[in-house]
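Grab a pencil and work through these exercises with the model open. Each task comes with a solution in steps.

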Amino acid sequence: METDTMGALAFGRHTFDPARCELRTAGGAPVPLGQRAARLLQALIEAGGRVLSRDDLLRRAWPGQDIDDGNLRVQIAALRRALADDRALIGTVAGRGYLFAGRAERRAAARPRLPGPAPHLAGCAPAGPGLVDDVLARVAASRFVTLAGAPGIGKTALALAAAHRHGGTVAWAGLDAAGTEEGMLAIVAAALGRQPGQRWSPAAGLAARLPAALHSAPALLVLDNCEHLADACSRLVETLLAQCPELRVLATSRQPLLASGETVLRVPALDLPPPGETDPARLAGSGAVALFVARAAAASKASPHSTASHAAFTHAASTHATSPHVSSADVASTAFLPDAADLMSIAAICHRLDGLPLAIELAAAQVPALGLRRIAAGLDDMLRLLQGPPGATTRHRTLRAALDWSHVLLPPAAQEALRRLARLPAWFTLDEAAAVLRPSQSAYEAIDSLGVLAAHSLLAVEHGHGARFRLLSTTRAYALSLGNN
């Protein structure tokens with residue numbers, strides 16, 4: 001059985017939605033499968049009863065990665081749990097692999113709608129009106145804008161804000177689960193209103209079958225998370241813009257797509273208060289501190305043990321100050337009300353995290369359990385500390401997961417460079433980088449590696465009398481965890 005990668009698939013009493021990574025059983029609520037498990041189920045269904053080997057399934061669910069067999073077994077077990085009494089639909093063929101023992105039928109997909117912010121993005125990188133206006137103005141002027149930036153910088157949140165403010169029709173295509181160009185085209189086709197049931201390769205085939213309205217009415221297509229399919233997305237955008245004069249495209253990617261007519265906007269980190277700032281109003285007015293306070297307050301209210309956790313926070317803070325930071329009334333109401341000293345501690349934490357929204361949000365979520373002092377001390381092991389909630393997407397559940405996604409997209413020479421550059425101080429020169437990369441990389445190869453890391457938003461570059469380079473503290477911690485060999 002041949003199927004495309006979009007639209008719901010019905011088998012027995014179950015309906016599987018690959019785009020949403022959800023399985024619904026008659027009479028029950030949708031069960032989120034996670035991207036890996038959903039990719040595996042889709043591959044097995046598409047095989048139409050054929051046995052898929054371990055290597056086939058690993059390539060589909062973890063493209064380009066060297067993954068232990070245990071991960072595959074874990075995801076297969078998760079699928080069988082989701083299928084409950086019908087777990088036998090995922091069959092094991094000893095020594096050969098797995099197969100899908102059911103028969104699936106395609107169901108028409110509902111017309112895609114613009115999504116609201118997902119819970120893990122709702123507090124991340126609050127985009128100010130000025131930044132959103134800048135994005136929309138660039139989209140209007142150049143028709144194709146890529147929001148580029150480091151992992152966790154808030155590219156998707158900014159794109160969502162711009163999409164909600166856009167005056168015309170908006171189509172949203174999230175490309176996280178697209179492992180191939182054909183899968184990407186299917187997702188975009190569904191977002192643009194094409195019914196499932198047909199393969200859309202190459203891009204010209206999709207462009208030729210778009211609804212007539214797209215050729216004449218203003219519309220915005222958002223392509224979210226393009227970095228793993230940069231070349232394919234570039235070809236698609238060039239084709240669509242040539243065919244649809246009124247279409248605008250806004251993409252998010254950790255690297256520019258290098259398409260004709262592309263305008264790249266580097267998404268900035270949240271603004272930080274000046275070092276040494278003590279004025280509470282100015283501290284609280286910075287974007288980074290405001291995000292931390294908002295997420296810590298939300299975490300305190302949501303914590304199932306918020307009163308006990310808040311008391312622990314009060315105790316941890318008061319043991320390092322001359323007076324308690326939170327009153328007994330505050331503890332009783334479980335409100336997070338930072339005073340001037342707390343705001344200074346929060347500012348210091350945000351500086352350590354380079355104003356990176358994802359890192360700040362993950363750190364703030366730990367306030368009910370750890371308190372500010374312990375969080376600040378724990379940043380020496382920030383990859384272990386910064387863990388996200390179970391409801392977050394895989395790439396936003398931990399800081400390590402976000403950086404893993406970037407690391408796997410790097411060529412081997414740039415991966416090696418990232419590990420070795422972590423030895424250097426906060427700012428370093430080209431000569432210092434070349435020295436630490438010798439002898440495995442020549443001076444020219446070192447320049448190329450630095451360029452790749454900068455393009456992938458893993459290396460900050462400052463141009464003055466001579467170029468200087470810097471790894472964000474989160475990126476450096478990640479690179480050091482990989483080892484220096």
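**Exercise 1.** Which residue in S11 does Leu147 stand opposite?

*Solution.* Some ground rules: this is a predicted model, where local features need pLDDT of at least 70 and side-chain atom pairs count only at pLDDT 80 or more, while totals for chains, interfaces and linings use all residues. Numbering starts from 1 along each chain as its sequence is written, and side-chain values use heavy atoms, with hydrogens and water left out.

- Start with the strands, which are DSSP runs of E, at least two residues, numbered from the N terminus.
- S8 (residues 144-148) is joined to strand S11 (residues 247-253) by five bridges, and the two run parallel; pairing takes at least two DSSP bridges.
- Leu147 sits opposite Thr252 in S11.

**Exercise 2.** Find the other partner of S8, and say whether S8 is buried or exposed.

*Solution.* 

- Strand S12 (residues 263-266) pairs with S8 over four bridges, also in the parallel sense.
- There, Val145 has Thr263 as its bridge partner.
- Phe144, Thr146 and Ala148 point one way, Val145 and Leu147 the other.

Technical notes: Buried < 20%, exposed > 50% of the residue type's maximum accessible area, 1.4 Å probe, protein only.
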